[in-house]
Protein chains: 2
Amino acid sequence: MLPITITPEDDSGLCPVRAVLASVSGKWQSLILLSLEDGALRFSAVKRAIGDITQRVLTENLRSLERDGYLTRSVDAGPPVAVSYELTDLGRSLVEVYKPLVLWAAEHIGTVKDARARYDAAADGRAEKP
Amino acid sequence: MLPITITPEDDSGLCPVRAVLASVSGKWQSLILLSLEDGALRFSAVKRAIGDITQRVLTENLRSLERDGYLTRSVDAGPPVAVSYELTDLGRSLVEVYKPLVLWAAEHIGTVKDARARYDAAADGRAEKP
DNA sequence: CAGTATCCTTTACGATACTG
DNA sequence: CAGTATCGTAAAGGATACTG
């Protein structure tokens, strides 16, 4: 058994596990952290690395990750202005434990897709002949 | 560099990493998987283990995890009817790579909270004396 | 370049009531 | 017991235009 709780509250009114998991829940946070794995990137480079994220949402997520201490934001007042983002030690250590999950994903995506296909096929069968 | 892509598309129109990460994004999926770590649980037991999740949302999430092949659902037509959920091999292997993240969370939550407090304090300072 | 500002849609989630 | 049905809210995200 894990030495953890997943029940809603602790002394400070927030389950530690949930508080941290919330940092990587959502569509983009983890991808942003991963994009910075090999070193600092500028705003536009992060955007390019991910491909399909809007400026607004990227800014939001970067701010949130900065607030939690996973990355730093440094401004070089140009012109042109250049803002670069870099993982902190905390961020790097998070990415370290996060990477196995990413590798797992790459390895098992096939199984997941198959499971989905089978589940949906079975559901279709039930829908057609009720 | 990781042998992964986080760009939006692959041959099948979906990045493998994103597809799997989506399974554990959201507020509840990972907690549900963790609650089943030590063996099968009935619907009400999962609900109790998590504490604050509504029946509707729990059902939704269980269905989605079942669809992806992470857990199985077995019905014992009572009465009273008893439905139990259990991790598949796939689900167990996912939990294995996911657990380090949970332990990391328990370990580093203090650092994260401090970072948040400092960030918010700095933001307040800027708001008060603009 | 790295954002803001607006507006809008979608999705997740919450509350409550009802049922085989 | 393990759901479904309905209704409502809030948060996340998307599209587009504008700016120091």
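Modeller: Happy to! Let me start with the cysteines. The structure holds 0 disulfides over all chains, where a disulfide is a pair of cysteine sulfur atoms within 2.5 Å. Cys15(A) is buried, at 1% relative accessibility, and Cys15(B) is buried too, with a relative accessible area of 1%. Here buried means under 20% relative accessible area, exposed means over 50%, and partly exposed is what falls in between, with a 1.4 Å probe and protein chains only.

A word on the ground rules. This is a predicted model, in which local features need pLDDT of at least 70 and side-chain atom pairs count only at pLDDT 80 or more, while totals for chains, interfaces and linings use all residues; side-chain values use heavy atoms, with hydrogens and water left out. Residues are numbered from 1 along each chain as its sequence is written, chains are lettered from A and ligands numbered from 1 in the order in which they are written.

Read from the N terminus, the order of elements is α-α-β-α-α-β-β-α.

From Pro16(A) to Ser35(A), 19 residues along the chain, the C-alpha atoms are separated by 25 Å. After H1(A) comes Gly26(A), with a positive phi near 95°.

Gly91(A) and Ser35(A) are 56 residues apart in sequence, and their C-alpha atoms are 12 Å apart in space. Gly91(A) counts as buried, at 0% relative accessibility. Setting aside neighbours within four places in sequence, Gly91(A) is in contact with Gly69(A) and Tyr70(A), contact meaning heavy atoms within 4.5 Å.

For chain A as a whole, 42% of the 130 residues count as buried. Among its contacts between residues at least 6 apart in sequence, 40% join residues at least 24 apart.

His108(B) sits in helix H5 of chain B, residues 89–128, and is buried, with a relative accessible area of 18%. Not counting residues up to four places away in sequence, His108(B) touches Leu90(A) and Ser93(A).

To finish in chain B, here is a helix pair. Phe43(B), Val46(B) and Lys47(B) in H3(B) meet Gln55(B), Leu58(B), Thr59(B) and Leu62(B) in H4(B). The residues of this contact divide into 4 nonpolar, 2 polar and 1 charged; Ala, Val, Leu, Ile, Met, Phe, Trp, Tyr, Cys and Pro count as nonpolar, Asp, Glu, Lys and Arg as charged, and the others, Gly among them, as polar.

Technical notes:
Helix = DSSP H or I, 4+ residues; strand = E, 2+ residues; numbered from the N terminus.
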